Structure formats: C-alpha cells, structure tokens
Amino acid sequence: MFTEAYELTEEEKLLLQKVLDGDIAFRKIEEFADPLTAVKIRRLAIQEYGKLEFEHIQNFSLDVESVTKRNIENMIGAVQIPLGVAGLLKVNGEYAAGEYYIPLATTEGALVASVNRGCSVITRSGGANVRVFEDEMTRAPVFKLESLERARKFYDWVKSPETFEQMKQAAEKTTRFGKLLSVKPFVTGTYIYLRFSYDTKDAMGMNMVTIATDAVMHLIEDEFGAHPVTLSGNMCTDKKPASISAILGRGKTVVAEVTIPQEIVKETLKCTPESMFEVNYSKNLLGSARAGAMGFNAHAANIIAAVYLACGQDAAHVVEGSTAITSMELTKYEEIHCSVTLPALPVGTVGGGTGLGTQRDCLNILGVAGAGDTPGINSRKFAEIVASAVLAGEISLIGAQAAGHLARAHAQLGRGKF
C-alpha cells in the first residue's frame, strides 16, 4: 500500500481507506468531501488498486465543481489532446462571413496539415459558399397499441392540427427557447413511432427535446390512452448512422461549395481537376456504393471529430456527420466544382461541453461561444464553419490521392519521418 507516501490530511487518509475497503463507493465520495478532494481520493484509490502512479491525468485547469455537476461522474482527472489550427479559411455563409482559424483537436499526424492545405485552396479560390437548409433536433418515442384498428386511430389523431397544437403547448412549456416544429408518425405493426422535430436555437438540444417530448408523452397518455414503450424508439436517430437522418436531416443540414481554378489545383494540390474528379467518382461515389457505406466522402468524420473535441460538442454525433456526400464536377472553364452535403450535423454553442474552459476558448476562436444576440444564430454560424472545414479536408485528401502523395504525407507527418 502506497497511502503513506501521499500528502493527505488525517480525514483524507481515513476517507481513502474506507474507499479502498469498499465501505464507500466511488459515486458516494462527494457526500464526504468537496469535489476537488473527491477527485483526488478517487484517483489515489485507482493508483492503489493498480499499484501504479499517475504522472499526467491529475494536471488540468477544469472547474471541478462545475464539470462534476454537468459533464462527468466518478471523475479522476483529465485527458489532454493536442490542439492545432488550420487556416485562414474564408467562409461566405449566411451567418459566417469572414476568414477563420479552425481549431482541431487530434492525435492523428497529417490531419491538421491536410485541412490547412485545403483551407488555403478554398481561400485562394474566393472562399466556401455555404448555407444551412434544415435546422431541427429530433426525439422519437414509440407507443404500443392494442390492435391495428386502434393504431390507425392513433395515427390519424396524431396527424390532426388540433392535436399538434396541444403537443406544441405541452412541449414548449418545458423550455424557454425550444420550439416544436413537427411530429411525424411511422407505423410498424401495432407500434407507432412519433418523430418529434424541434428548433433548439443555439443548443445542440438533446436534453431539451428529451424533456419536452417526455411532457408530450404524458399528454398523449391522458388524452388518447396510448401506452408509451420508451421515450427513444431509435427513429430519432441519435448517435447512429441512419437513412432517416440522411434523408430528413437531424441537427443542421448544411451544404458547402467552392469552384477551384485549374492553376490552383496544379500549384497547390499537385494534380489536375480531371484526376481529382476521377478519384472522387471512383472512391467516394462508386467505392462507397459498392461497400454499402452510408457516407459518400473521403474522411469527413476526421474533421468533424477534431472540431467537436476542440469545441465541446458531443463526440458521438460524429457518426451522423459521417454520412456526408462529397461531389466534384468539372466545369467548362477547366475548373473543378467541389461540394460537401452534411445531412445531419448536430452542433451547439451553449450547453454540454461548450462551457468547459479550453473548449470555450476554441469556440471564441471562431466567434461563436455562447448564445447569439438572436437565438440560434451562433449555432448556425458554427455549422457553416464546420461544413467549410470539412470541404477543406475533402479537397486536400482527394488531391493527395490524385497526386499519389497520401502514403508519403502520412510517413512524414504521421510517423515523424522527415
């Protein structure tokens, strides 16, 4: 036992011993100590169990009291991820208009360099034109009806305008900013799935829509008597790639485009528009289709994950962002027109991990930290920037593959072989 080597008060030693003896569970330590001490005791207990000594995870700048209330349970420390920037990236959006440095948190060598090159290409070509087409977060409970006849009556009841108004009132009583946009019923046997769609403004909104939908479920029970099986019936569809999200959208549906002159392709990407078109067609379109992939892109998830980690987003939503479609077409002026379509990009600038110190710093780099002066404007600006960064990553990787430089770049930057 190493406890004698630790600088602890007598009370802390006693508490640690009780944890080690199993008298106090990890999750109960905060009942006997302040949050920072609880983190330390828990970490020391792990050291004792494993007969090891941590060198790094105890070093962090997080506000422990805040994060243990909102972001983490059984905290023992923090993990660091290298943070780089790509850019400047010129964005010509409805909400994001200007040049931005893109914060990227990653352990993958070559990623930041690749996105940086794509940013240069886009900026030199006049910037990425980008627009948000849909903006809605979803939750889909499932109800079990007694018979097919009863299921049909419930289906029709849900679709009536009067019922929607009742649902809207019940849902919006639970939130200051959220607005119920629609409720779409889907039937499977005698099960009815209701896909609720909300405008969640600057929040990514999963907590908001879950609480609001729960209130509507109680209304449905009282008014129709339908039995709810679960609040989430997987037609939302949260944190899973799904055709419904690719078709109807979830979070933000965003499209970014740029037309790159031939001379910039040759000078910066070291290939030709024709070779980029061929790689994108054979890889992102035919190859993805042959593989049965739900995403038709080169590595959209790479950029989304790096931005999400840097900016306090829910990293699991990368799977929805990965359903992006990358398109490249030759123009009659020997240019190449490139676009990315992101059907499901859940992002927010308030709530979740956006309030953590380092993540808030990264949101400030982009000028989107917190709520916008007009509710919803910051999250849409953020979505436009993310889509433009994904476009930069796609252009650079397709260019590298068209030029035959992919393996060399990873050897140099991913393995340090300069």
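Let me begin with helix 13 (residues 357–366), whose buried residues are Gln 359, Cys 362, Leu 363 and Leu 366; buried means under 20% relative accessible area with a 1.4 Å probe, protein chains only. They lie on the same side of helix 13, because they cover an arc of only 100° around the axis, the arc being that of the directions from the helix axis to the C-beta atoms. Their packing partners are strand 1 (83–93), strand 2 (97–105), helix 11 (300–310) and helix 14 (377–403), with contact meaning heavy atoms within 4.5 Å. Just after helix 13, Gly 367 has a positive phi of about 75°.

A word on the source. This is a predicted model, in which local features need pLDDT of at least 70 and side-chain atom pairs count only at pLDDT 80 or more, while totals for chains, interfaces and linings use all residues. Residues are numbered from 1 along each chain as its sequence is written, and side-chain values use heavy atoms, with hydrogens and water left out. Helices (H or I, at least four residues) and strands (E, at least two) are DSSP runs, numbered from the N terminus.

I turn now to helix 5 (residues 148–159) and helix 6 (residues 161–172), whose axes come within 5 Å and cross at roughly 70°; axes are lines fitted to C-alpha atoms, for helices over the stretch in contact, and angles run from 0 to 180 degrees between N-to-C directions. Helix 5 is therefore roughly perpendicular to helix 6, a term covering 65 to 115 degrees. Trp 157, Val 158 and Lys 159 of helix 5 meet Pro 161, Thr 163 and Met 167 of helix 6.

How values were computed:
Parallel < 35°, antiparallel > 145°, perpendicular 65-115°, else oblique. Buried < 20%, exposed > 50% of the residue type's maximum accessible area, 1.4 Å probe, protein only.
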